[in-house]
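Here is a short briefing to read beside the sequence and the model. Take a moment to look at both, then follow the topics below in any order you like.

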Amino acid sequence: MRKFELIAPCHFGLEAVLKKEIIDLGYDVIQVEDGRITFFGDEEAVSRANVFLRSAERILIKVGSFHAETFEELFQGTRSLAWEEFIPADGKFWVAKAASVKSKLFSPSDIQSIMKKAMVERLKGIYRVGWFEENGASFPVRVFLMKDEVTVGLDTTGESLHKRGYRKLTAKAPIAENLAASLIMLTPWRGDRILVDPFCGSGTFPIEAAMMAANMAPGMNRSFTAESWTEVVGRRNWYDAVDEAGEMVDLNVDTDIQGYDIDEKMVAVSRENARLAGVEKLIHFQRRPLSELRHPKKYGFLITNPPYGERLEEKEALPALYREIGERFAGLDSWSMYLITAYENAERDIGRKADKNRKIYNGMMKTYFYQYLGPKPPKRQKQDR
């Protein structure tokens, strides 16, 4: 079985979550960089990483790396890579995305165009053809330039891994599924604990939590670009990964996961998304305003993505909203609260400084993950047999 260096991009600030996931999946991490993890894996690892990783954006097979400060160096470096080991004579190939940081080459369109030409030149010589029909399987390429070091990868995933396949309907400003999962994994919450999202929107936090509680792999119900790369990753690996995932699912777990929203339409959207994810019976959704947030039990978790105030009229309402969040949280006995927001005055208006605060980039938006840590519940006494 072929061995690869695999690259898994993720949200900036959540590298530690993805690293732990990869290690737990049984693979050796080579390098941790801002926004991506590199690890060793075989053909099986390509399919398992796509199916099982909750926090990754996609899985790339590293084709190679080289130094380039000029377009000529970029062309020669790209042409020197062994593209024929991956792309067949009828393969459709293109540079889907180029990203450049602190490098002399910074124009994405120019980088994409020159690399495509170099790939064509290499493969024309290998396959002894004058032109390519490109009517076979798709091989999208992604390239990162960091301080003039070029890293080139083939995208095995296709549509980003945050697209689990269940979210057909969304809220106005939905949180990405892989970001929601990563944030839940940053908390001590486990499937047998209480979780409430009072701003559930399209239901992403409760649904991701329910999938974790049921041990449901995030990618088991979607397809991936590399499924058609039969000479690179054998088709059997994809079947095996999905079979492995299916055997692990347990929908008979007892959960107390709730999602509230003030908008009845969003409650309906959440319910439909949960149904599509296959976890509707593990979550209770209802229309409930923040003012009615309460729970009789202790040691629960609020995990939520409250409004940021993108429009001016919304911004004016934020101080009162976050004050109410603080008041509702104060009334929950022994609970913990975790919220992600771009609102700079969140702690001030909540009325309490967070125990922990992590800066996370949600796309290009700088957000903060405020963590208010409640007490640990007492250990349960073991039942006498």
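Counting a disulfide as a pair of cysteine sulfur atoms within 2.5 Å, the total comes to zero disulfides. This is a predicted model, in which local features need pLDDT of at least 70 and side-chain atom pairs count only at pLDDT 80 or more, while totals for chains, interfaces and linings use all residues. Residues are numbered from 1 along each chain as its sequence is written, and side-chain values use heavy atoms, with hydrogens and water left out.

- Burial here goes by relative accessible area: buried is under 20%, exposed is over 50%, and partly exposed is in between (1.4 Å probe, protein chains only).
- C10 counts as buried, with 8% relative accessibility.
- C200 is also buried, at 5% relative accessibility.

**A covered helix**

- Helices (H or I, at least four residues) and strands (E, at least two) are DSSP runs, numbered from the N terminus.
- Helix α2, residues 43–52, is mostly covered, with nine of its ten residues buried.
- The buried residues of α2 are E43, A45, V46, S47, R48, A49, N50, V51 and F52.
- Their cover includes the strands β1 (3–9), β3 (36–42) and β4 (60–67), together with the helices α1 and α7 (235–248), where contact means heavy atoms within 4.5 Å.

**Two helices that pack**

- Two packed helices are described by the angle between their axes and the distance between the axes.
- Helix α5 (residues 177–185) packs against helix α6 (residues 204–213) at an angle of about 65°, and their axes are 9 Å apart.
- Axes are lines fitted to C-alpha atoms, for helices over the stretch in contact, and angles run from 0 to 180 degrees between N-to-C directions.
- The crossing of α5 and α6 is right-handed, meaning that the near helix is turned clockwise from the far one by less than a right angle.
- On the α5 side, the contact is made by E177, A180, A181, L183, I184 and M185, and α6 brings T204, F205, E208, A209 and M212.
- By class, this contact of α5 with α6 has eight nonpolar, one polar and two charged residues.
- For those classes, Ala, Val, Leu, Ile, Met, Phe, Trp, Tyr, Cys and Pro count as nonpolar, Asp, Glu, Lys and Arg as charged, and the others, Gly among them, as polar.

**Salt bridges**

- The structure holds 19 salt bridges, each a side-chain nitrogen of Lys or Arg within 4 Å of a carboxyl oxygen of Asp or Glu.
- One of them joins D24 to K20, with the closest N and O atoms 2.7 Å apart.
- Both D24 and K20 lie in helix α1 (residues 15–24), four residues apart, about one turn of the helix.
- An α-helix has 3.6 residues a turn, so residues three or four places apart point the same way.
- D24 is exposed at 56% relative accessible area, and K20 is exposed at 54%.
- K163 and E159 also meet through their side chains, at 3.3 Å from N to O, and K163 is partly exposed at 38%.
- R348 pairs with D349, the closest N and O atoms being 3.0 Å apart.
- R348 is exposed at 55% relative accessibility, whereas D349 is buried at 8%.
- Salt bridges that share partners join R58, R142 and D155 into one network.

**Positive phi in loops**

- K147 has a phi near 50°, a positive value in a residue other than glycine.
- K147 sits in the loop between β6 (138–146) and β7 (149–155), and is exposed at 54% relative accessibility.
- Y299, another residue other than glycine, has a positive phi near 65°, and lies in the loop between β10 (283–287) and β11 (301–304).
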